[in-house]
Amino acid sequence: MPAGAGRHGLPQGRRLCWLLCAFTLKLCQAEAPVQEEKLSVSTSNLPCWLVEEFVVSEECSRCSSFQAKTTPECGPTGYVEKITCSSSKRNEFKSCRSALMEQRLFWKFEGAVVCVALIFACLVILRQRQLDRKALEKVRKQIESI
């Protein structure tokens, strides 16, 4: 049996790939009924901004410490905007993403990308030096043998 081959003749990587595919398929099948149940929820439980037109009453702003404790919409982002639904005339809060928060996240992402690029550039330079040394050593040995 060749090195790295499994019991059934499949290389280890392929068997692992098939196992991951089977696991993903099982996971998707297990979650399918949950998604169907979510579709059957009545629209009365949904926030009005999901089912009808709305107007923004107050722009996106950071939640106060009181709002953070009492308003569940503050949880995901820490920012909230007040909206008024057109047909039902209900006032509700909606979680939002502020431009300042998006800008900070963008620059954090850019910084992380630059750091990763620098790390890999250094690794490429080190590897190239190592290969150059090996090539020079090989040439030196060939010259000495002449």
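**View 1. Cys-115 and Cys-122 are partly exposed cysteines.** Cys-115 has a relative accessible area of 45% and therefore counts as partly exposed; the classes are buried under 20% relative accessible area, exposed over 50% and partly exposed in between, with a 1.4 Å probe and protein chains only. Cys-122, at 46% relative accessibility, is also classed as partly exposed. The model is predicted: local features need pLDDT of at least 70, side-chain atom pairs count only at pLDDT 80 or more, and totals for chains, interfaces and linings use all residues. Residues are numbered from 1 along each chain as its sequence is written, and side-chain values use heavy atoms, with hydrogens and water left out.

**View 2. Residues 105-126 carry a UniProt annotation.** The unreviewed UniProt entry lists this stretch as "transmembrane region"; positions follow the numbering used here, feature names are shortened, and annotations may be inferred rather than shown by experiment. Over residues 105-126 the chain is 100% helix and 0% strand, helices being DSSP runs of H or I of at least four residues and strands runs of E of at least two, numbered from the N terminus. The end C-alpha atoms of the stretch are 32 Å apart.

**View 3. Three strands form an open antiparallel sheet.** The strand order is β1-β2-β3, where two strands pair if DSSP finds at least two bridges between them. β1 (54-62) and β3 (91-95) are the edge strands, each pairing on one side only. Direction ignored, neighbouring strands of this sheet are turned by 25° against each other on average; axes are lines fitted to C-alpha atoms, for helices over the stretch in contact, and angles run from 0 to 180 degrees between N-to-C directions. β1 and β2 (residues 79-85) run antiparallel and are joined by six bridges. Ser-61 stands opposite Val-80 in β2.

**View 4. A disulfide joins Cys-48 to Cys-85.** The S to S distance is 1.6 Å; a disulfide is a pair of cysteine sulfur atoms within 2.5 Å. The torsion about the S-S bond is about 70°, so this disulfide is right-handed. The pair links distant parts of the chain, with Cys-48 in helix α2 and Cys-85 in strand β2, 37 residues apart. Cys-48 is buried at a relative accessible area of 1%, and Cys-85 is buried at 0%.

**View 5. Glu-53 lies in the loop between α2 (48-51) and β1.** Glu-53 counts as exposed because its relative accessibility is 63%. Not counting residues up to four places away in sequence, Glu-53 touches Cys-85 and Ser-86, a contact meaning heavy atoms within 4.5 Å. Glu-53 and Thr-84 are 31 residues apart in sequence and 8.8 Å apart in space, C-alpha to C-alpha.

**View 6. Cys-60 and Cys-96 form a disulfide.** Their sulfur atoms are 2.0 Å apart, and with 95° about the S-S bond the link is right-handed. Cys-60 lies in strand β1 and Cys-96 in the loop between β3 and α4 (99-145), so the pair ties together parts that are 36 residues apart in sequence. Cys-60 is partly exposed at 25%, whereas Cys-96 is buried at 9%.

**View 7. A disulfide joins Cys-63 to Cys-74.** The S to S distance is 2.1 Å, and with -95° about the S-S bond the link is left-handed. Cys-63 is in the loop between β1 and α3 (65-70) and Cys-74 in the loop between α3 and β2, eleven residues apart. Cys-63 is buried at 12%, as is Cys-74 at 4%.
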